[in-house]
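Dear colleague,

I am passing on a structure that I would like you to look over. The coordinates come first, and my notes on them come after.

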Amino acid sequence: MGSTFRNLAAAGALILGMAGAAFAGPQYLDASGFAASGYDVVAYFDKEQAPVGGQQPAPTPGKASITAEYNGAQFAFASEANRDRFLADPAAFAPQYDGHCAFGVARGGKVPGDPQLWRIVDGKLYLNLQKSVAEMWEADIAGNLTASEANWPGIEAKEASARPVPELPAGTAPLTN
């Protein structure tokens, strides 16, 4: 219990500390300039998910030459077929909470989501900030979704942190070829 409390306290401090204003916008963008850090959001839906608590498959990098705009941001895709699937129904594929961390939203914050820490729940894509945060989110997905759905309308228009995702290597997506 002590370890769980320390993890929860650390995550809370991280989320509150990162909630400093940097920019407001409809979709989280990192230094890549792309939504979901340049990873193909459609490709997640074709992957077999790990059981809750397990390591998810790696995201699929998009290509800078295959893009579409939605919600004020450029999304990159690994194939034209994935781009076309996205364009047919962008809201079905775009990460929830404009690509911000699902656990952060559940706790009332608006911080970046890491495209490596993903889970599809009820046909929707959710991202989390870092591994310890994803573990806490997955410990009570239903409860955290209830909280995040209640919190999102009040924080959606607020400014978000522009700090980079802590464990996301720079320059891995989108691909330039």
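Predicted model: local features only at pLDDT ≥ 70, side-chain atom pairs only at ≥ 80, totals over all residues.

Residues are numbered from 1 along each chain as its sequence is written, and side-chain values use heavy atoms, with hydrogens and water left out.

The protein has six helices and four strands (DSSP runs, H or I of at least four residues for helices and E of at least two for strands, numbered from the N terminus), and their order along the sequence is α-β-β-α-α-α-β-β-α-α. Of its 177 residues, 45% are buried (under 20% relative accessible area, with exposed meaning over 50% and partly exposed in between, for a 1.4 Å probe and protein chains only). The accessible surface comes to about 8,300 Å², with 55% of that belonging to carbon and sulfur atoms (Shrake-Rupley method, 1.4 Å probe).

The largest nonpolar core has 22 residues, and those touching the most other members are Val41, Tyr44, Phe75, Phe77, Phe86, Trp118 and Leu125; such a core is a set of buried Ala, Val, Leu, Ile, Met, Phe, Trp, Tyr and Cys residues joined through side-chain atoms within 4.5 Å. Strands 1 (63–70), 2 (73–77), 3 (114–121) and 4 (124–128) each supply at least two residues of this core, and the largest share, three residues, comes from strand 2. Leaving aside neighbours within four places in sequence, Phe86 is in contact with Val41, Val42, Ala68, Tyr70, Phe75, Phe77, Phe93 and Ala94 (contact meaning heavy atoms within 4.5 Å). A second, separate core of 16 residues includes Phe103, Val105, Val121 and Val133.

Helix 5 (residues 131–139) and helix 6 (residues 141–155) pack with their axes 5 Å apart and at an angle of about 100°, which makes the two helices roughly perpendicular (65 to 115 degrees). In this pairing, Met136, Trp137, Glu138 and Ala139 of helix 5 meet Ile141, Asn144 and Leu145 of helix 6.

Finally, Glu156 lies in the segment after helix 6 and counts as partly exposed because its relative accessibility is 36%. Not counting residues up to four places away in sequence, Glu156 touches Asp98 and Lys110, and its C-alpha is 9.2 Å from that of Val105, a residue 51 positions away in sequence.

With best regards

Definitions and conventions. Axes fitted to C-alpha atoms, helices over the stretch in contact; angles between N-to-C directions. Parallel < 35°, antiparallel > 145°, perpendicular 65-115°, else oblique.
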